[in-house]
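Have a look at the sequence and the 3D view before reading on.

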Amino acid sequence: MTTLLMTGATGFAGRCLVETVLKETDWEIISLQRGAGAPNDRLHIIQWDFCDPMSEENILSIGQVTYFVHLGANVHALKSLVDPRAFV
């Protein structure tokens, strides 16, 4: 089974990728994301914030991964001008 591990599944590009992968393939998707989502039989959600260390439980729950796509980003452009450290 092909498994895609991804970040940014709740953003515009990520949502498009999830929709396309689910429609065009039989792949499983594991989404690392801050908030809750609507998982289904092929989309599995692990709640995680990039700023925090990942728990051992979450790491072990990921399992074997075929591909990794990183689309996650902090996109608050005006806030990045005030305090750019949070965006680097």
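A salt bridge here is a side-chain nitrogen of Lys or Arg within 4 Å of a carboxyl oxygen of Asp or Glu. Keep in mind that this is a predicted model. With that rule in hand, the count is one salt bridge.

**The salt bridge**
- R85 pairs up with D83, and their closest N and O atoms sit 3.1 Å apart.
- That makes the pair a salt bridge because the rule asks for a nitrogen within 4 Å of a carboxyl oxygen.
- R85 has a relative accessible area of 69%, so it lands in the exposed class, which starts over 50%.
- D83, its partner in the salt bridge, comes in at 31% relative accessibility and counts as partly exposed.

**Cysteines**
- How many disulfides does the structure hold? The tally is zero.
- C16 is partly exposed, at a relative accessible area of 36%.
- C51 has a relative accessible area of 66% and is exposed.

- K23 belongs to helix α1, which covers residues 12-24.
- Is K23 buried or exposed? K23 counts as exposed, since its relative accessibility is 67% and the exposed class begins over 50%.

Conventions. Residues are numbered from 1 along each chain as its sequence is written. This is a predicted model: local features need pLDDT of at least 70, side-chain atom pairs count only at pLDDT 80 or more; totals for chains, interfaces and linings use all residues. Side-chain values use heavy atoms; hydrogens and water are left out. Helices (H or I, at least four residues) and strands (E, at least two) are DSSP runs, numbered from the N terminus. Buried means under 20% relative accessible area, exposed over 50%, partly exposed in between (1.4 Å probe, protein chains only). A disulfide is a pair of cysteine sulfur atoms within 2.5 Å.
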